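Biologist: Could we go through this model together, starting with the rings and then moving on to the helices?
Modeller: Gladly, and here it is.

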Amino acid sequence: IAIYIIGIFFFAVNDALEKWLVADYSVGQLLFLRSVGALFVLLPWRGTAIRSIRAQGEWRLQILRVLLFTGDSFSFYFAAKAMPLADVITFYLSAPLIVTMLAGSVLGEKVGLLRWSAVIAGFVGVVIAMQPTSAVFTQAALIALFGASCFGLSIVTTRRMKAPHWLPLVVLQFAGTGLVGGVVGAGVWISPPAFELMLMFVTGVANIRDVIPFARTPGSADF
């Protein structure tokens, strides 16, 4: 429990860093440099990663998953640039509702009344605690909702894959997102000072933790 709480703390710190950085840099540039930081940490496992990717197969699901995570990442940054962070997180916390809904219809997992009640009660409680502002009714809110939907669908896609290993999932996710970010952000590149460049790399390292639980947990509804 203590380790999980520490992880959630860094999750919040990471979101705050991204909100701060996106005020001065383009979304594409941030996603590219974030991916560079993540992939640099994974360099010691590059041989294992290449072999795992070749053995993993399921390329349609792999490509779909990369596209969904790319949509999720772009949406979060764009929404965070236009809305208070608490409002963006409120929308993203609807992802468990999406996952729970799809776990039964798409994955055939058993989702009973007790689980539904817990998910809904938890969502309502968090919304009350975060006290979203009137910004949740703006056009940027639609982007946040789209991002939350992509996030939820990406989790279901991960669970749909046959015993996925975390390493190829992480490598393909950041390689795909970084490639799109580099293309989009090339025309509006701003050279960051060393400290802010380090923070961009840190957000990439912190985001690695998002993938591993969904490749290992018993079911999507437990998200």
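Modeller: A definition comes before the rings: rings of Phe, Tyr and Trp (its six-membered ring) pair if their centres lie within 6.5 Å, and planes under 30 degrees apart count as stacked, over 60 as edge-to-face and the rest as tilted. This is a predicted model, in which local features need pLDDT of at least 70 and side-chain atom pairs count only at pLDDT 80 or more, while totals for chains, interfaces and linings use all residues. Residues are numbered from 1 along each chain as its sequence is written, and side-chain values use heavy atoms, with hydrogens and water left out.

Biologist: How many aromatic pairs does a search of the whole structure find?
Modeller: The search finds four aromatic pairs. One of them joins Phe76 and Tyr77 in an edge-to-face arrangement, with 6.3 Å centre to centre and 80° between the planes.

Biologist: And those two, are they buried or exposed?
Modeller: Phe76 counts as buried because its relative accessibility is 7%, and Tyr77 is also buried, with a relative accessible area of 2%. The cut-offs are under 20% relative accessible area for buried, over 50% for exposed and anything in between for partly exposed (1.4 Å probe, protein chains only).

Biologist: What does Phe76 form with Tyr92?
Modeller: Phe76 and Tyr92 form an edge-to-face aromatic pair, 5.4 Å centre to centre and with 85° between the planes. That pair links distant parts of the chain, since Phe76 belongs to helix 4 (residues 59-82) and Tyr92 to helix 5 (residues 85-92), 16 residues apart. Helices here are DSSP runs (H or I, at least four residues), as strands are (E, at least two), and they are numbered from the N terminus. Tyr92 counts as buried because its relative accessibility is 11%, and ring pairs link Phe76, Tyr77 and Tyr92 into a cluster.

Biologist: Switching to packing, at what angle do helix 2 and helix 4 pack?
Modeller: Helix 2 (residues 27-41) and helix 4 pack at about 130°, and their axes are 10 Å apart. The axes are lines fitted to C-alpha atoms, for helices over the stretch in contact, and the angles run from 0 to 180 degrees between N-to-C directions. The two helices are therefore oblique to each other, given that angles under 35 degrees count as roughly parallel, over 145 as roughly antiparallel, 65 to 115 as roughly perpendicular and the rest as oblique. Helix 2 passes helix 4 in a right-handed crossing, a term for a near helix turned clockwise from the far one by less than a right angle, anticlockwise being left-handed.

Biologist: Which residues of helix 2 and helix 4 meet?
Modeller: On the helix 2 side they are Val27, Gly28, Leu30, Leu31 and Arg34, and these meet Ser73, Phe74, Tyr77 and Phe78 in helix 4, where contact means heavy atoms within 4.5 Å. By class, this contact has six nonpolar, two polar and one charged residue; Ala, Val, Leu, Ile, Met, Phe, Trp, Tyr, Cys and Pro count as nonpolar, Asp, Glu, Lys and Arg as charged, and the others, Gly among them, as polar.

Biologist: Arg34, then: buried or exposed?
Modeller: Arg34, which is placed in helix 2, is buried, with a relative accessible area of 5%. Leaving out residues up to four places away in sequence, Arg34 touches Glu18, Ser73, Tyr77, Phe174, Thr177, Met200, Thr203, Gly204 and Asn207.

Biologist: How far apart are the axes of helix 6 and helix 8?
Modeller: The axes of helix 6 (residues 95-105) and helix 8 (residues 139-160) are 8 Å apart, and the packing angle is about 40°, so these helices are oblique to each other. Their crossing is right-handed. In helix 6, Ala95, Ile98, Val99 and Leu102 meet a set in helix 8 that includes Ala148, Phe151 and Val156. The classes in this contact are nine nonpolar, two polar and no charged residues.

Biologist: Last topic, where is Gly187?
Modeller: Gly187 is in the loop between helix 9 and helix 10 (194-207), and it counts as exposed because its relative accessibility is 73%. By contrast, Val170, which lies in helix 9 (residues 166-185), counts as buried at 0% relative accessibility.
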